[in-house]
Amino acid sequence: MSENYKSELVGVLGQPVAENPTGVMQEAAFAACGLAWRYLTIEVGPADLSAAMGGVRAFGMKGINLTIPHKVAVIPYLDGLSEEARVIGAVNTVVRRGDALIGENTDGKGFLRGVRQDGGMDVKGKRAVVLGAGGAARAIATELLLAGVSDLLVVNRSVERGEAMVRHLAAGTGGPIRFEPWVGTYAVGGDADLFVNATSIGLFPNVDACPDVDLSRAKPELLVCDAVFNPAVTRLMEMARGRGLRVLDGLSMLVYQGVIGFELWTGVNAPEAVMKEALRKALA
Ligand code: NDP
């Protein structure tokens with residue numbers, strides 16, 4: 001019997017990247033599925049992105065994740081974009097299709113899957129509020145619009161950034177999106193079904209920070225989501241729980257974007273429970 005010692009390769013390019021835990025859950029999934037695949041966590045600065053993407057092609061890698069600061073900068077090195085990645089204007093996952101490298105964005109899809117599977121909510125016809133206008137907010141807002149929310153309010157500190165995001169996504173999706181500047185305390189309205197913190201407020205090491213929001217008028221069914229996954233339980237989540245509201249943590253989004261990436265790369269159903277457990281252990 002002939003042996004095959006060759007591994008299929010995927011990974012992540014970023015800077016800084018050492019604390020990115022995606023490899024832990026992907027490697028656990030490969031092992032659980034008996035796949036001879038490896039996930040490489042690779043530190044690459046902006047000046048080396050071109051060479052690194054040449055390496056992805058030269059090594060015949062099956063795909064690659066992009067994290068800070070490469071999600072937009074990688075686009076010129078790709079052969080095509082998915083519809084969502086085009087609308088969002090950023091790529092977090094590259095998939096090899098034959099010789100072509102295609103840019104996808106699984107952040108928002110991962111978020112939406114978490115809302116459905118872990119939050120038990122179908123967002124179609126629901127009213128959503130997204131705090132933030134950065135990369136995570138764009139990805140989340142795009143998928144919410146494509147999934148048919150009836151109203152999407154973007155609230156952001158920088159008016160210029162918030163308005164630019166709303167203009168871009170309104171043109172890209174034709175969906176019901178509007179903007180409100182974040183001044184002082186933002187009071188979540190009693191008609192909102194879903195509230196998402198897509199800012200970096202509360203992210204390690206600033207774990208005591210909490211978005212300045214008032215949840216006192218929120219309806220009891222409001223689902224409060226945090227994109228921040230480190231720490232797993234944020235101050236915002238504690239505040240929401242204190243009011244008896246349901247919460248969804250950032251780990252959910254992180255796991256499901258990985259689940260979707262795994263399935264895009266391998267064509268195999270992802271072992272979700274294994275991936276969740278590996279990630280929870282790594283971040284415990
Ligand atoms: P960006 O840097 O692109 O955007 C940051 C956003 O946070 C901006 O809207 C910014 O507002 C806002 N913000 C930051 N600090 C403050 C502050 N002190 N007051 C008010 N607003 C503030 O970051 P990303 O969008 O890439 O990431 C946002 C968060 O989402 C991070 O915590 C990241 O870890 C998380 N994330 C989680 C993922 C997951 O799978 N769970 C995936 C991707 C990201 P302004 O425009 O005014 O500067």
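Visitor: Where is the place of proline 231?
Guide: Proline 231 sits in the loop between strand 13 (223-226) and helix 7 (235-242). Keep in mind that this is a predicted model.

Visitor: What kind of peptide bond joins asparagine 230 and proline 231?
Guide: A cis one, with omega about 10 degrees.

Visitor: And what joins glutamine 15 and proline 16?
Guide: A cis peptide bond as well, here with omega about 0 degrees. Proline 16 belongs to the loop between strand 1 and helix 1.

Visitor: Let's stay around there. Do strand 1 and strand 2 pair in the parallel or the antiparallel sense?
Guide: Parallel. Strand 1 covers residues 8-14, strand 2 covers residues 37-43, and seven bridges pair them. The chain gets from strand 1 to strand 2 through helix 1 (residues 22-32), in a right-handed β-α-β crossover.

Visitor: Which residue is the bridge partner of glycine 11?
Guide: Leucine 40, in strand 2. Further on, glycine 14 stands opposite glutamate 43, again a residue of strand 2.

Visitor: What is the strand order in the open sheet of six strands?
Guide: The order is 2-1-3-5-6-4, with mixed pairing. Strand 2 and strand 4 (80-81) are the edge strands, each pairing on one side only.

Visitor: Now strand 8 and strand 9. How many bridges pair them?
Guide: Five, in the parallel sense, between residues 151-156 of strand 8 and residues 177-181 of strand 9. Valine 155 stands opposite glutamate 180 in strand 9.

Visitor: Which helix does the chain pass through from strand 8 to strand 9?
Guide: Helix 6 (residues 159-173). The β-α-β crossover from strand 8 to strand 9 is right-handed.

Visitor: Switching to electrostatics. How many salt bridges does a search of the whole structure find?
Guide: The search finds 16.

Visitor: Next, domains. What does the domain assignment give for the chain?
Guide: Domain 1 takes 8-105 + 253-282, and domain 2 takes 108-248. Over C-alpha atoms, the centres of domain 1 and domain 2 are 25 Å apart. Domain 1 brings 16 residues to the contact, and domain 2 brings 20 residues.

Visitor: How much area do domain 1 and domain 2 bury between them?
Guide: About 1,600 Å², with 60% of it on carbon and sulfur atoms.

Visitor: Which three residues supply more than any other three on the domain 1 side?
Guide: Val87, Met253 and Tyr256. That trio accounts for 40% of the area that domain 1 buries against domain 2.

Visitor: How many salt bridges are there between domain 1 and domain 2?
Guide: The count is four. The rule also finds six residue pairs in polar contact across the interface of domain 1 and domain 2, both residues at pLDDT 80 or more.

Visitor: Which helices each supply at least two residues to the side of domain 1 that touches domain 2?
Guide: Helix 3 (83-88), helix 8 (250-266) and helix 9 (272-283). Helix 8 gives the most, with seven residues.

Visitor: Last one. Which side chain does lysine 109 meet in a salt bridge?
Guide: The side chain of glutamate 84, at 3.5 Å from N to O.

Terms used: Residues are numbered from 1 along each chain as its sequence is written. This is a predicted model: local features need pLDDT of at least 70, side-chain atom pairs count only at pLDDT 80 or more; totals for chains, interfaces and linings use all residues. Side-chain values use heavy atoms; hydrogens and water are left out. Two strands pair if DSSP finds at least two bridges between them. Helices (H or I, at least four residues) and strands (E, at least two) are DSSP runs, numbered from the N terminus. A crossover is right-handed if, with the strands pointing away from the viewer, the path from the first strand over the helix to the second runs clockwise. Domain bounds come from an automatic or database domain assignment. Contact means heavy atoms within 4.5 Å. Buried area is the accessible area (1.4 Å probe) that two parts lose on being put together, summed over both. A polar contact is a pair of N or O atoms within 3.5 Å; within protein, one must be able to donate a hydrogen and the other to accept it, and residues adjacent in sequence count only if both atoms are side-chain atoms.
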